[in-house]
Amino acid sequence: MILSLGLPMLLWIPLALAQEPIELGISSAIPPVYCEAEELSEELTENPEVDPILDDGLEPNCIEPPLTIPDIELPTGLLGPEGRRESPYTSVDQLPDVVRIKTFYQGYNNFHYLALVDGKLYGKERVFAEPGQPEVVTEGGWALFEGGLPHREKSDGKTTNLRGWDDTESLIRMTADDDEVIVIGANNRVYWKRIGETPRFDNEWYDEWGFPIRGEFEMPDHGLEALAWGVGRRRIGSTGYFTDPAGDPHVSGFGISTMYLLSTDQHTIWLADTGLPPRLSHRMCGPERSTVKAVNLAASASTIMLIDHAGQVWTRLADYDTTGSTPGHRYNYDDEPLDGMDPFDVRTIDTNMQLPPEPWKKQPPVFAEGRDPWAHLSQEISIHQNGLGNDTRELRIVGTDQDGELGYYRKQLLEEAWEFIPASFSLADIAWLEDEAVDNPVTQYGEGWDVDLNGVMRVGGVEYPIQIEDWNPVCTPAQATVDLGGGKELTFGLHSVDAWTPWRELNPAFDGTTEASLGTLWFDDETLASTDPDVMAIVDELKPLHREAFSLWIEGTEKGIRLDTKGVRERVEIVALEQGAESFETGEKAFLAHLDPAKFVELSAEPTLLVDPATASQGQIQDAIAVNQALLDALKGNDLEGARNLTDFRSNFRQSRRLTNTMFVVNGVLRITGIRLVGRIGDKRRPKAKRSTKFGVWTSKVSMVLENTTGMILRSKKKDRLERRQAKAEFKEAKRLLQDRITLYEDALE
């Protein structure tokens, strides 16, 4: 054993991780008695010949030692993604009685403990644990979960558009929550099922993802390489409802499922939702505008838990609905209290969800009064739902207590103090945090996406210089400052949310394609009360947009934005980029030019593609022909790294605008007619039909949506035609230039 005198320490038995995983029990972690660090140091100073472990002459002022784990090495510091990916289980006999911590290879939902063994999924009955109660060891044993692999029978005639399949021979990942389990096959395909029958789903495995256009979901490399992942599912039958930042409740409906993944850069959080296209292409804003670096992530019931290298914990309830992006919901930046409406009243589905959404919350430290010498924290965390509403979530962190006993620290989301629960674990590895970092926590930060832009704002045909500080395609808000001339300025906040669309690039806003966002202007009280005529002229024009949810369309990247009013009348237009623009027209051209497809023209002029046929050798000319031909082939096939077809994508972007507005119209029609999908929920919380009698409540809103939709369709069709012509001209010119150059070089060789 290794001994460190007078310092907090762990005792390692450095054996290979390749050995079979062992149940890390409390008793197995405790060797013979061992002195406290300070007393041991004094004893050795007086008698350096004493062996503190074996000598029977030690004073009886000793305690049980810090954590000692047989047959496993405990690594310290940040554990790379390879440490949590693969399941260590090769036999069902290795599985624990209960699963307390979720990883890539084991987890639990409200009904089952689940684990991967040799590429197969095994399950064991789980009893729902009430808040503050430990996991219950159930009598049943582990068995293959429905054969161990996702499969589907062919349609029996009752369900349409389904096919039989059984196309993966092993599984490499799993996660679970509430009534759901999600797995990834060795073919990188995502499969999922829900326990019990719910509307639209029938307790079967599914190999398709997305709404309204469903398709196969193949997990990309940045998902497979993630440091951590988890699914968070909330529904009316479990959490019941959620409460928005204004304190108003909203029924959760039939269910929302969200996958969250923490990237290897430690600060990018990806999400996938069953109502989004089957691509891992959406990012979620992390703590402090996605700059905090975390080492692990856990999720349950739309609530995310992050832990960093120093044991600091952040949590947030956030999914595609609560952050303002689902067109079937109503949102508002003004607080409209519901006056004590019953959380299970179905009308809460149609009431405004308050924006901005819930922010990240930093949780109290585990060791509020200082860490004892033998108490340690790890990176291994879990969160799980255990009741109704937002706050019934239990947080868990694997660690040791002041006596060195193994277990986990737990608390409910809103509790201030953490409680230690002695417990055993069956884990392939435990990544321990450095004691020095835990004792002196300093947050590590990654590079965020905030950028300052300069451009032009056009209001009423008049153009003004504008600066936008902290524009971020993922996090909001940004701050805009308009130069009115004569030393006068106008400022406003620019809030944005991700716009729902059935078309999705792999990494919009960061891969050369644009991200569709819905924006809202926000003036402060001082600006609204201004009597300056220059300020009032603009404020009066834009006041109808003030805190009006989604009154703007934003097309943006990490380098610039193009913004206009979401309506028939163009109250405001803004174009801003890193390099700025002198006029609105030049700004628009510059914005289009920095998208990847337009770079084909720039790439065709790269020096590496050019040679002088009169002076170049045959080898140089042949090399130039080869690289020009490769670029031409990429252009024709549109497979150049990072490039996207501007014609198709911008057409999809405009169609997305029309479709999103149409969704708002459909939602409005349902409200006018009073049609409801579910009724008031009783004790059994059973969905039922209900018809509202308040037909006129939503008329004004729907009229506005219809007006906006009509205008957007007309304007976006016109822009489609113009941008298609521009894109085709650019691509045609690039192809002509490359082909002519290749012909010239080939003629020179002859």
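Biologist: Let's start with the S-S bond: which handedness does the link of Cys 285 and Cys 475 have?

Modeller: Start with the general idea: a disulfide is a covalent bond between the sulfur atoms of two cysteines. Keep in mind that what we have here is a predicted model. In it, the link of Cys 285 and Cys 475 is right-handed, with 105° about the S-S bond. The sulfur atoms of the two cysteines sit 2.1 Å apart. Since the cut-off is 2.5 Å, the pair counts as a disulfide.

Biologist: Which parts of the chain does the pair link?

Modeller: Distant ones: the two cysteines are 190 residues apart. Cys 285 is in the loop between strand E18 (282-284) and helix H4 (287-290), while Cys 475 is in the loop between E31 and E32.

Biologist: Is Cys 285 buried or exposed? And what about Cys 475, buried or exposed?

Modeller: For this you need the cut-off: buried means under 20% relative accessible area. Cys 285 has 16% relative accessibility, so Cys 285 counts as buried. Cys 475 has 2%, so Cys 475 counts as buried too.

Biologist: Now a helix. Which residues of H7 are buried?

Modeller: Helix H7 spans residues 533-542, and its buried residues are Val 535, Ile 538, Val 539, Glu 541 and Leu 542. To read a list like that, ask where the residues point around the axis. These cover an arc of only 160°, so they lie on the same side of H7. Over on the other side, Pro 533 and Ala 537 are exposed.

Biologist: What do the buried residues of H7 pack against?

Modeller: Quite a list, with five strands written out: E30 (451-459), E31 (462-471), E32 (478-485), E33 (488-498) and E34 (515-522). Helix H6 (525-528) is also among the elements they pack against.

Biologist: Which residue caps the N-terminal end of H7?

Modeller: Asp 532 does, with a side-chain oxygen 2.8 Å from the backbone nitrogen of Asp 534.

Biologist: Last one, sheets. What is the order of the open sheet of three strands?

Modeller: Read across the sheet and you get E8-E9-E10, with antiparallel pairing. The edge strands are E8 (171-177) and E10 (190-194), each pairing on one side only. From one strand to the next, the twist averages 15°.

Biologist: How many bridges do E9 and E10 pair over?

Modeller: Five, in the antiparallel sense, with E9 covering residues 180-185. To see one of these pairings up close, find Val 183: its bridge partner in E10 is Tyr 191.

Key:
Residues are numbered from 1 along each chain as its sequence is written. This is a predicted model: local features need pLDDT of at least 70, side-chain atom pairs count only at pLDDT 80 or more; totals for chains, interfaces and linings use all residues. Side-chain values use heavy atoms; hydrogens and water are left out. Two strands pair if DSSP finds at least two bridges between them. Helices (H or I, at least four residues) and strands (E, at least two) are DSSP runs, numbered from the N terminus. Axes are lines fitted to C-alpha atoms, for helices over the stretch in contact, and angles run from 0 to 180 degrees between N-to-C directions. Buried means under 20% relative accessible area, exposed over 50%, partly exposed in between (1.4 Å probe, protein chains only). The arc is that of the directions from the helix axis to the C-beta atoms. Contact means heavy atoms within 4.5 Å. A polar contact is a pair of N or O atoms within 3.5 Å; within protein, one must be able to donate a hydrogen and the other to accept it, and residues adjacent in sequence count only if both atoms are side-chain atoms.
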